[in-house]
Amino acid sequence: MISLLSGVALFLFGMTLMGDGLKKVAGNKLELVLYKLSGSPIKGVLLGTGVTAIIQSSSATSVMVVGFVNSGMMKVNQAIGIVMGAILGTSVTGWIICLSSLEGGSGLVSLLSTSTITGVVAVVGILLRMISKKQSRIHIGDILMGFAVLMFGMQTMSSAVSPLRESEFFLGLLTTFSSPLLGILVGLLFTCVLQSASAAVGILQALAATGVITFSVAFPLIMGIAVGAALPVLLSSLGANINGKRTAFVYLLIDVLGAVIWGILFYAANAVFHFSFMETTLDMVGIAFLNTLFRFATVLVLTPFIGMIERQICRIFKDTETSGREQEDFARLEARFISHPTLAIEQSREALNNMALEAKANLEDAFFLITDYNEKSFQLISQREDVVDRYEDKLGSYLIKLTGKELTDQQNKDVTKFLHCIGDFERISDHAMNIAECAKEIHEKNIIFSDAAKQELHVMFQAVNEITFNAVTAFISGDMELAYHIEPLEELIDNLCDEMKLHHVDRLQRGICKLDQGFVFNDLLTNYERVADHCSNIAVAMIELESDSFDTHEYITSLKVLRSHSFDQYYEEYSKRFALPNQ
């Protein structure tokens, strides 16, 4: 028993190590391929099969798809095809296991033995792991080591169950499994415990190597294994939205339909024709073939009925949830994607882009509130500010979790840039709220600025509106040229604020403006200036992470040295556009 459990442990570890290595060698692109190329049911089936064959886990593929649907990236109709492909693709593991049954002869033929292949693969894998400094080669070493451990685990299981061929009790027990309902139930429970259909089939193949597994025993067990594999996917849907639950249930429904359809048809036909192969002994290859045939037949028959399956799933899980745009955006930050950095970063980018647009919209509404105040718009700005705050909390927590994963250099740059910019977008929205409160004070106290002050505020409004637009647009589009426009304009806004404050003091001294007007005027200028500062910070983060030669703390100096002609040119252009009126 200990040997069997050890073999199972090694098998599961080897399969996981090999699958993780394959995913890393693929550069975390499998998830994006799965998401972007699953436009039609047939494409979904093919992609699901291919991706599952690579990562060696139908549960992992299906859990990933549940995350896609839960975050709104994919429709349930698309997901059904991928789940079907995952159900078929997981049978590839059985064929890999068949390699453990290779036996060598003498001379050169002995090189084909399992022990020789496993030994060579293990040595090459460990050398790559220990000697190589390139991550891609280390991951290839993981694949080879995972394969070797999987093969060794399979050999261990086969050796552990080999004595069972002499056990009358075990042979009698197997005879009871030839009962379809009991065989399906045992296969289901066994897979639920292991939470791996591949491992369950692997153990069945190990038993088949002893020569005691007949077709009548294997077929119901394989149907039960298929149904039991749905448990990890169902568990992954806990906490998911209604579409996520629908997608997870699809996995169970397809496997149950497969077992029901083929179980009824096969055993009904057997009752009439009495198939002679029922007591035929199956070896490892026979088990792998039967497993693949059952899954292929199920997918082939059910693929034309994807639309019907979707409708039935929607009837079982009826729409009871309502979600606004905010919740849809937050659903992008799907916890299941943390293990898939490429997807997590793309989803974070989308959410952060929406956060930037919300902050920009808040600032624009606050600007217009100064001249046209109404309570409804003020409340809208306040509500949007709360939304932006929640964006900051959600995105910050999500990205911090992502930093604990293995990321490429570009992914590290993206995550660092996002973390830098989250706070700046949130602060822009904060200052929009401050400007709205200034507008409320102006309305409630019936404060009227002088014509000169109104003209200056209008110039400042245009300049700040321009720099905000440039910062948000540059960030969303990745426009580095536009990012270089921001610092010259930020410097001009600082100078304009200093000049406007001097003008305001002069107007106070001449009695043109009053003291209560001065407080609000200065508050507005301070908030405008802070908004420009945060726009500058966003540009700094973009430019700093574009080149390793930049120093954030010496940004202005570095920028002038690198592009002095452009900086002066942009500053001069903005000076002409945003010139204050003569006093």
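1. H274 sits in the loop between α14 (242-273) and α15. Helices here are DSSP runs of H or I with at least four residues, strands are runs of E with at least two, and both are numbered from the N terminus. The backbone at H274 has a positive phi of about 50°, although H274 is not a glycine. H274 counts as exposed because its relative accessibility is 59%. The cut-offs are these: buried is under 20% relative accessible area, exposed is over 50%, and partly exposed is in between, with a 1.4 Å probe and protein chains only.

2. Some ground rules. The model is predicted, so local features need pLDDT of at least 70 and side-chain atom pairs count only at pLDDT 80 or more, while totals for chains, interfaces and linings use all residues. Residues are numbered from 1 along each chain as its sequence is written, and side-chain values use heavy atoms, with hydrogens and water left out.

3. N446 is another residue to check. It has a positive phi of about 55° and is not a glycine. Most residues other than glycine have a negative phi. N446 lies in the loop between α20 (409-444) and α21 (451-477). Is N446 buried or exposed? N446 counts as exposed, because its relative accessibility is 59%.

4. Now the whole chain. It has 25 helices and 0 strands. Of its 583 residues, 51% count as buried. The chain exposes about 26,400 Å², and carbon and sulfur atoms supply 61% of that area. Accessible areas come from the Shrake-Rupley method with a 1.4 Å probe; for residues, only the protein chains shown count as cover.

5. Contacts come next. A contact means heavy atoms within 4.5 Å. Take the contacts between residues at least 6 apart in sequence: 80% of them join residues at least 24 apart.

6. Leaving aside neighbours within four places in sequence, F425 is in contact with L352, M355, A356, A359, V388, V472, F475 and I538. In soluble globular proteins, nonpolar side chains tend to be buried together.

7. I442 belongs to helix α20. I442 is buried because its relative accessible area is 8%. Not counting residues up to four places away in sequence, I442 touches I370, I447, F449, V520 and L524. I442 and T371 are 71 residues apart in sequence, yet their C-alpha atoms are 9.2 Å apart in space.

8. Helix α8 (residues 135-161) holds D142. Is D142 buried or exposed? D142 counts as buried, because its relative accessibility is 9%. Beyond its neighbours within four places in sequence, D142 is in contact with L17, M18, G21 and R129. The C-alpha atoms of D142 and L128 are separated by 8.4 Å, and the two residues are 14 apart along the chain.

9. S159 is also in helix α8. S159 counts as exposed, at 55% relative accessibility. S159 and G7 are 152 residues apart in sequence and 9.2 Å apart from C-alpha to C-alpha.

10. G228 lies in helix α12 (residues 215-228). G228 is buried because its relative accessible area is 2%. Leaving aside neighbours within four places in sequence, G228 is in contact with L188, T191 and C192. G228 and V193 are 35 residues apart in sequence and 8.8 Å apart in space, C-alpha to C-alpha.

11. Last, the cavities. On a 1 Å grid over the protein atoms alone, a cavity is a set of points where a 1.4 Å probe fits but cannot get out; lining residues have an atom within 4 Å of a point. Points are joined across faces, edges and corners, and a volume is the space filled by probe spheres set on the points. The count comes to 3 cavities of 30 Å³ or more.

How values were computed:
1 Å grid on protein atoms, 1.4 Å probe; cavity = no way out; pocket = protein on both sides within 12 Å on 5 of 7 lines; lining within 4 Å.
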